Amino acid sequence: MYRGSETDPPDDRCLRTTPLAIIVDDTSRILIQGITGPTGRSYAERMVQDGTPLVGGVAPGRQGQSIAGVPVFDSVEDAVAATGADAALSAVRSALALGAALEALSAGIRTLVVYTENVPLHDAIRMRAYARACGARLLGPNSAGVISPGKANLADLNGSNLRSGRIGIVSKSGTLTYEVIDDLQTRGYGASSIVCLGGDPVIGTTYADVLPLFEADNQTDLVVLIGEPGGRLEYEAISAISRMKKPVVAYIAAQNAPPEKRMGHAGAIYDSGDTSAAAKLAAFRAAGCEAVGRVTEVVTAVERALQRAAA
Amino acid sequence: MIVLLEHEGKAILASCGIAVPDGGLYRDLPKTLDGELVVKAQVFAGGRGKAGGIRSASGRAEALRVAEEIAARPLAGVRVEDVYIEHRLAIDREFYLSALVDRDLGMPVLVASADGGMDIEAVPRGRLVRQSVDPLLGLEPFMVERLVRGLGLSGDQAKAFARLVEQVYRALIAHDAELIEINPLVLTKDGTFVAADAKVVLDEDAAFRHPGRRAQPEGTAFERASRALEVIGVEIAPTGGVAAIMNGAGLTMATLDEIIALEGQVSGVVELHGATMHGAERIADVLACVLEHLKPEVIMVNIHFQFRSLETIAEGILKAMDRLPHLTPDRLVLRLRGEKEAEARAMLAGHGLTIIRDFGPACIEAVRLTRLTTAA
């Protein structure tokens with residue numbers, strides 16, 4: 001059982017002057033699963049540089065080693081017992097991703113980012129179901145992670161280029177997120193938190209899960225939602241937005257993507273309704289959101305929404 | 001996503017204990033197959049019945065003759081991969097049964113209907129019974145019973161259908177499938193359920209659990225050549241215009257959208273998909289592949305790296321220009337942003353290349369250049 005240590009940040013949650021960010025912040029205690037692999041190691045080095053509260057790593061058979069100055073453990077259970085970790089980023093290979101996720105969730109990890117790509121569909125289904133059953137937050141698979149600039153960086157984003165500010169971002173795509181952040185920063189806007197849900201068909205956390213967190217977050221004034229064709233998660237998001245006071249700007253990419261080859265008629269039963277980028281764009285507009293189909297239009301849409309909110 | 005042909009799908013069903021009609025491919029027809037037969041085009045498309053891809057035949061000789069006819073030409077514009085011949089069933093009723101992954105629910109779903117044999121999209125919603133399966137529970141008897149009751153089955157038929165539901169669900173999980181669809185599921189005159197058709201889609205990402213599973217080479221010559229370089233190439237339009245190379249699926253989609261919004265023409269896009277880790281030579285290979293297959297007027301290289309070094313991209317571009325004399329600097333628009341940006345620019349300086357830091361202006365320049373080339 002973890003009893004705390006002298007190097008722990010003081011438990012000042014009721015005294016602190018900077019409010020907590022959503023999902024992760026400077027009081028998180030973070031592990032990297034697969035820390036001895038190239039991806040895990042580079043994440044570790046970046047987190048330490050960024051001042052992210054990385055407390056350890058997991059790599060079976062490597063207990064006792066140290067990477068980027070943090071200890072390596074054989075199992076998540078051991079790591080949690082020794083460090084009090086409550087969040088993890090998994091960068092193991094795809095064949096091991098399900099096992100690693102179930103292990104982390106079983107050991108009590110509350111926030112899990114699965115960065116791994118090409119995770120089998122049925123493995124994604126099982127990790128999602130178990131995370132929900134545990135009441136934990138799973139981002140991914142194939143998630144570029146989550147970052148609250150200046151507080152914690154569990155993301156495939158270079159923290160040193162990021163400015164903190166009052167715009168929340170929730171996205172399926174990592175690289176679109178880079179573009180949007182860049183444009184926002186050029187015009188003087190920073191981000192409160194950036195949440196990448198993952199680009200796979202089955203993912204642990206949805207837009208509709210994240211939007212209420214931004215709504216309740218007193219560091220966020222406006223949310224940029226970055227969506228894509230396929231699936232109905234963007235439509236669920238529209239229902240969540242109807243219960244929000246803060247403005248949401250939607251950017252729906254891939255307006256010109258060649259239509260995906262239909263997998264079979266049964267797929268169409270569940271792709272009920274039109275899940276094209278154009279239909280999603282129109283739905284956000286019909287719901288009263290500023291919504292655009294080009295990445296170069298996002299910042300002006302944000303400015304329009306902020307003006308509308310101020311008026 | 002690996003889409004199987006009917007006969008491949010039926011082999012999977014049969015391996016899970018589901019009854020399928022006796023049959024075989026026409027070139028290698030089992031000696032015993034004779035009598036009333038059905039001859040079926042094996043195509044990667046729906047609607048083959050209406051297009052004349054399913055025909056009856058009496059006896060082996062006629063079936064083989066019909067098979068040769070079907071094999072000889074495309075079916076409604078789609079290549080016929082093979083021809084499958086099987087026993088014709090004595091049909092009493094036709095049902096529908098499928099197991100699939102509902103991406104929004106994030107779990108498997110079973111769908112059944114007493115109105116099989118027709119396009120399932122045409123079946124009224126009220127005639128479909130759907131049952132999701134929580135993966136932490138697996139298939140529970142109450143789920144199966146709900147499907148059976150929903151179809152109004154009783155007695156032996158109910159028992160047989162329940163067993164089939166279990167087999168189909170097990171097939172979905174055991175084979176890491178995205179879809180197992182049986183339509184029609186025939187109840188024969190002698191009271192047994194037989195899968196008269198099969199549509200199976202497998203998950204390529206689960207290949208490590210299924211030795212031998214590999215996606216069939218698909219797509220255009222450019223798309224296949226891209227795959228060989230471990231990048232994702234998508235051909236959009238006939239040759240010419242802009243061909244664009246990006247990192248990340250999101251940036252790829254956004255670049256395509258932007259150029260089209262600017263009324264530019266895009267012949268194809270490439271997503272590097274981590275190919276940078278194979279070094280500069282691989283980047284040069286990708287440029288060569290784009291140039292050869294798409295013959296674009298302009299190649300746009302639009303890279304935004306958070307951690308990987310833009311120096312690899314710069315080196316790859318220089319190598320490609322060395323190797324390919326017709327890859328002249330006036331045909332390239334480079335948008336390089338992020339890690340080691342200054343170093344990459346320094347490497348590329350003095351080669352007459354257009355390097356633009358921002359996404360929008362770089363797309364505008366690429367479109368402007370194609371117009372100049374087209375006008376000239």
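How are helix 7 of chain B and helix 8 of chain B oriented to each other? I opened my notebook with that one, and the answer comes below.

**Ground rules.** I am working with a predicted model, where local features need pLDDT of at least 70, side-chain atom pairs count only at pLDDT 80 or more, and totals for chains, interfaces and linings use all residues. Residues are numbered from 1 along each chain as its sequence is written, while chains are lettered from A and ligands numbered from 1 in the order in which they are written.

**Entry 1: the helix pair in chain B.** I looked up helix 7 (residues 280-294) and helix 8 (residues 310-323) of chain B, and found them packed at about 55° with their axes 7 Å apart. Helices here are DSSP runs of H or I with at least four residues, strands are E runs of at least two, and both are numbered from the N terminus. Axes are lines fitted to C-alpha atoms, for helices over the stretch in contact, and angles run from 0 to 180 degrees between N-to-C directions. Helix 7 of chain B and helix 8 of chain B are therefore oblique to each other. For that word, I note that angles under 35 degrees count as roughly parallel, over 145 as roughly antiparallel, 65 to 115 as roughly perpendicular, and the rest as oblique.

Ala, Val, Leu, Ile, Met, Phe, Trp, Tyr, Cys and Pro count as nonpolar, Asp, Glu, Lys and Arg as charged, and the others, Gly among them, as polar.

**Entry 2: domains of chain B.** I found chain B divided into domain 1 (1-21 + 90-216), domain 2 (22-88) and domain 3 (221-375); such bounds come from an automatic or database domain assignment. The C-alpha centres of domain 2 and domain 3 of chain B lie 46 Å apart.

**Entry 3: a sheet in chain B.** I traced an open, antiparallel sheet of 4 strands in chain B, in the order 2-5-3-4. Two strands pair if DSSP finds at least two bridges between them. At the edges I found strand 2 (23-25) and strand 4 (54-58) of chain B, each pairing on one side only. Neighbouring strands of this sheet are turned by 25° against each other on average, direction ignored. Strand 3 (residues 36-42) and strand 5 (residues 82-87) of chain B share 6 bridges in the antiparallel sense, and Leu37(B) has His87(B) as its bridge partner in strand 5.

Helix 1 (residues 6-15) of chain B packs on the sheet, touching strands 2, 3 and 5, with its direction at about 115° to that of strand 3. Helix 2 (residues 60-72) of chain B lies across strands 3, 4 and 5 and runs at about 15° to strand 3.

**Entry 4: chain A.** The domain assignment gives domain 1 (30-139) and domain 2 (145-310) of chain A, and their centres, taken over C-alpha atoms, are 26 Å apart. I saw 19 residues of domain 1 in contact with 16 residues of domain 2 of chain A (C-beta atoms, placed from the backbone, within 7 Å). Helix 4 of chain A supplies the largest share of the domain 1 side, 6 residues. That side divides into 15 nonpolar, 1 polar and 3 charged residues.

Chain A also holds an open, mixed sheet of 7 strands in the order 9-8-11-10-12-13-14. Strand 9 (152-155) and strand 14 (290-292) of chain A each have a single partner strand, so one side of each lacks a neighbour in the sheet.

**Entry 5: where the chains meet.** I recorded 47 residues from chain A and 48 residues from chain B in the contact. Helix 4 of chain A gives the most to the chain A side, with 8 residues.

Technical notes:
Two residues are in contact if their C-beta atoms, placed from the backbone, lie within 7 Å.
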